[in-house]
Every structure is written in structure tokens, then in C-alpha cells.
Amino acid sequence: NNPDFDHPMIYLMWDESKLVGHYAVGPCKMIVGNQEHLVALSMTTMTHPEYGGRGIFTKLAKELYKKEFQKSDLNLVWGFPNNNSHRGFIKNLSWKDASTIPTFSMNISDFRFKDANSKVEFRKVDFLSDSNLNNYQKLHSDYKIKVNKNKAYFEWRYLNNPVNNYTILSNQNSEGFIITKRFEKQVDIVEWAIPFDFNQTISAVNS
């Protein structure tokens, strides 16, 4: 039910009846300058353990790029390869590094920021309000390159996700919000839409 595109971009390789390779990208709309383009986020790559070292992923990726760039007017594939796949993307698929994005983690099971002067509170909500969405667009208005995350995108990506559960924390007064995903031993922040305000940042983390 992707709101930005009408068919999945998933390519498979079979050895007779045995599935031995899988590569998928997720189509979405990206705004570059003032123009909207169809792009795709590189996603799951899987090779059957008995078929490693045969270049299956490279073959699937090249075939996907070739066909979808022609058939679907795809303009760009982008992603966040891990240490295992990064070299293959660069060497075999002519990817270029745009930037290294740092990630941060903190064990807060026995720790909380304390700020008696902060009255900002973030609470769990079931949906994003128009104020939340307007705030998100305002925070990203100066970005020259960005995924077009509108209401339909947020609902499809998070609220209606059939597999993963996401939690939205919002402060309706400030219109800021964060979206989190819980794993077994950690919570990841997957969307951060908080105005540049110290008290709001503390309140969001404390939530």
C-alpha cells in the first residue's frame, strides 16, 4: 500500500524451486531543490547460505536498477549499508559515499535528565495531528534534499505497518514529536521532529 508507488520493487533468484537470492528497494518521493523525484531506499539483501560467493546480490541489484530505472522512471537508489555490504555496493555497484552518519546510544534504565524548570511534556498519541505535520515541514523547510514525508507517508510507514509497532510521543503545545521502535533490549528513535529547544529535547528523552 505504498502511497508513492503502485508496485513493489523486489527481485528474486531461484535455483529451480529453491529461493537463493533476494533484493528489495522501497520506492518513495524525494524533493531535490524544488522538484520531486521517484527514488528508492535500498533495503533487504539475502543470499542462501549455500550460495554465497557467487555474486548473486550483485546480479540481482544490477538487474533491478537496469529495469526499474527504465520502466518506472526511477532516478536514484540510496541507503545505509552496514560494514558487511558497504564494500560490495562501492566496488560492484558503483555506489558513492555521500556521508558517514553517526549514531548515538545511551543506557537510560537507571538515569533520567532532571530539569525542574521544564514544563514540556511528551505523551503517547495514536496519530499525528495537522500541527505535528506542519511543524515537521517547517523544521525541514530549508533542506535542499529530503524525502517527501507527508501525512500519507507517515500513516503508511508507521501507523499502518503490518509487522512492526511504532510509538508516537507528542507535545501538542509545541507541536513537536518523536517516533520510536522498541526492540528486545533497546528503543530506537526513528523520527525526531523537535524544535531546537533544550527543554523540549530533555522532555522528549525523559519520555
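Predicted model: local features only at pLDDT ≥ 70, side-chain atom pairs only at ≥ 80, totals over all residues.
Helices are DSSP runs of H or I with at least four residues, numbered from the N terminus. P3 stands 152 residues away from E155 along the chain, yet the C-alpha atoms of the two are separated by 9.5 Å.

S72 counts as buried because its relative accessibility is 11%, and the cut-off for a buried residue is under 20%. The side chain of S72 is joined to that of E68 by a polar contact of 2.6 Å. When residues up to four places away in sequence are not counted, S72 touches F5, H7, M9, L38 and K67.

Helix α5 covers residues 198-206, and its buried residues are Q200, I202, S203 and A204. The elements that cover these buried residues include β8 (176-182) and β9 (187-193).

Confidence was also examined along the chain. The mean pLDDT of the chain is 88, with 94% of the residues at 70 or more. Among the elements of the chain, strand β1 (residues 9-15) has the highest mean pLDDT, 96, whereas α5 has the lowest, 77. The helix with the buried residues Q200, I202, S203 and A204 is therefore the element with the lowest mean pLDDT, where pLDDT is the predictor's confidence in each residue.

Definitions and conventions. Residues numbered from 1 in each chain as written. Heavy atoms only, no water. Buried < 20%, exposed > 50% of the residue type's maximum accessible area, 1.4 Å probe, protein only. Helix = DSSP H or I, 4+ residues; strand = E, 2+ residues; numbered from the N terminus. Contact = heavy atoms within 4.5 Å. pLDDT = per-residue confidence, 0-100. Polar contact = N/O pair within 3.5 Å; in protein donor to acceptor, adjacent residues only side chain to side chain.
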